[in-house]
Amino acid sequence: MITVTDTVFQLDTRTTSYLVRAEGGLLQQLYYGPKIKVCDTGPLLTKNAAGYGSEVVYRPDTAPLSLDSLPLDFSPQNKGDFRLSSFIAAQKAGTTADFAYTGFEILNETPVLDGLPSPHGADGTLALYLATATGLQVTLFYTVYEQADVIARTVRVHNGTQDTVQLQRADSFQLDLPGCAYTLYTLTGAWARERNVTPHRLTPGAVCFGSRSGVSSSRTNPFFFLKEDGATEFTGRVYGFNLVYSGSFEGAAEVSTLGETRVLAGVQSDGFCWPLAPGQQFDAPWAVMTCSDEGANGMSDNMHRFVKQHILPPVFATRPRPVLLNNWEATYFDFNERRLLKLAREAAALGVELFVLDDGWFGARNSDKAGLGDYAVNTKKLPQGLAGLAQKVNALGMQFGLWMEPEMVNEDSDLYRAHPDWAVTVPGVAPSRGRNQLVLDLCRPEVRDYIVQQVVSTVQSAPIRYVKWDMNRPLTDLYSPALDEQGRFSHRYVQGLYDVLARVTAACPDVLFESCASGGNRFDLGMLCYMPQIWASDDTDAYERQKIQTGTSYGYPQCVVGAHVSASPNHQTARQSPLEARFDVAAFGLLGYELDLAVASPVKKKMMAAQISWYKAHREVLQQGRFYRLQSPFEADGSRGTETRETRWMVVSEDRTEAVAGEFQGLVVPNSARRPLRLAGLSPQRMYTVTVRPERVAIKTFGSLLNQILPVHVNTDGYLMHAVGDLKALDCEQESYTAWGDLLMRAGIRLKQAFTGTGYNENVRPMPDFAARLYEIKAGKAALPEEKERKDEPDV
């Protein structure tokens, strides 16, 4: 809801309020936080009657005296606000720009941004207009998404002057918050270690972060959040922010000399230069923000609802995602149709629903040194082409999917030999390569046309129902002959990408697209506007995935997170982990398998078949349920030391009748503290049954301890034990409880004892390093009248 009272603008969502006032030509930030009723803005105003020491007097004839101590939604340029600026523009007379408020408008439609995606399904937009005396104009858009508790903001710059303006910075938003009792959390990392949670305690000065790699990057994700002091996963005030953008970006949180906090984010300004001729305009990408007084889980729930309701393509937002098998880690480039069909038959027997052919199906693509840019099928590998293979996969009862990397080109390719000028290179400078490839220039319309034509014709050439769209290197050597100013390159590339994605997905509306960029190197809301799921990371190690998927969950729902069960030892970390644990972690995402089923033992095939069956039975709640972090691997745990980090997740159906909880272990610490499993999100007034998922443990887990119970001594590393282990596994503990929801959330369950070396029976849980358990939670018929105040969180 948008309410205007005189020159005070109030934006209300279901549980939050945002207030800004136009006064003295300025847009003063009054409040952003949990929902409030306002009859008089007096209590919210920043009082500045005498100034502070050496502050610059802005306008001596009117209040406020100084800009530097005033919370502002937009700051005049070079007029005494010495905090980080969200806007910098060079005009003929210099960089001073004294913007003044000129009016407002309430729009029923979300503004269409130049070459950029927008969230859909808004509840109204407020436009606030500012201008300088010379005619440089800025429009601030505020769009409300009431049920998701999200407000989206962006900036439009219009050059109404008589001269060209050099736009050097145009962030999507600026937000000033009172005080500085906050910790900033960013999602940082690298390839195979994406979106780890990194805290930054705010102190005077600025914390700046972002990406300069041409993509939103694995280095730092565009999502970040602020925790007010004392906030936890379940209580306290937490602010969340994100950008609907897939390119280089910047963000910052700055504490001023007076202890106030400024937050801003937008397109990366390093290297950015955008000339605006008279009459031209520039649109910044949408930024989204939310606030919750129910801790980080409450903030995340808002973001998750926003993504599902307003970002994802509606046709796929709630559609169940298929269980898939990807051949990559089973074959890499070394495959033919016979080998692929052998994998496909094994997959179909386990209950897999989608078979995905990864890299290596086209051109001279027998390694990563050749073929990118070409789309002709390698008939030596696939004699009957994609259509022939897809039809055979369909005959097994599965859908067929395909990997592509359309934005890239190898120099050893027919495309490069025909159009070397289509690659991104600087004239006279030897190009830098990544994964033996160059980037195609998406600033050029003919390059975009080629990609669209090739991708669409390939997808339509066979019954392809899924495409994995990869992008395996960052951008360097930034230059395009299509541009008059090379400072436009990074942003124009992203706009070109969105043009391609819009056209391809429109031409293939029933195809499920999954975005990928060396794993999670472009995991953002911009890509999700076109492709409803993203490969979270090339690292499929179950322990690392606990951290990757936990970090991801702060800003993104589990229904967009690609997660696979892979081989052990893992191909990225060489770490060994139990097969059941690998599934348990991947179940909290979009389940897939990526290992050689043709060499899997009979007992492992039985385990995988059981896993897939269990996942399908709980798919709706696992993919669409409300997600809770019961325990984060990034939380300090003094009772266990720093070497062991336990993770606990939970998903709950909207009607709170079904849930799944996950318990994930790092390194075993013998005889350590045994915390109850406290659940969340249930109805305190309902009775629930909690049952552990039936799991099995490999016989070799117990090693030579087996000789303590066997009638004869055996070589536990020998052929006999390996042969038995291929056929048999030990059943894990059975555990089931019935209790009221309030007990499960406030007291929790004291689980059975974990194995410690002093004995083993049916009441001992075998929990070696990196083990895990899943718990099915079902509501019974017994229920009491609901309490007026819903309490979702456990008592911690």
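This is a predicted model: local features need pLDDT of at least 70, side-chain atom pairs count only at pLDDT 80 or more; totals for chains, interfaces and linings use all residues.
Residues are numbered from 1 along each chain as its sequence is written, and side-chain values use heavy atoms, leaving out hydrogens and water.

On to the fold. There are 15 helices and 40 strands (DSSP runs: H or I of at least four residues for helices, E of at least two for strands, numbered from the N terminus). The radius of gyration is 28 Å, close to the 28 Å from the globule rule for 796 residues, so the protein is as compact as a globular protein of that length (C-alpha atoms; the rule is 2.2 Å times the number of residues to the power 0.38). Its C-alpha trace spans about 100 × 70 × 40 Å along the principal axes.

Buried residues make up 60% of the 796 (buried is under 20% relative accessible area, 1.4 Å probe, protein chains only). Here are two nonpolar cores, meaning sets of buried Ala, Val, Leu, Ile, Met, Phe, Trp, Tyr and Cys joined through side-chain atoms within 4.5 Å:

| Core | Size | Residues include |
|---|---|---|
| Largest core | 192 residues | L167, L357, W361, F400, Y593 |
| Another core, apart from it | 21 residues | Y628, M650, L682, V692 |

Conventions: Buried means under 20% relative accessible area, exposed over 50%, partly exposed in between (1.4 Å probe, protein chains only).
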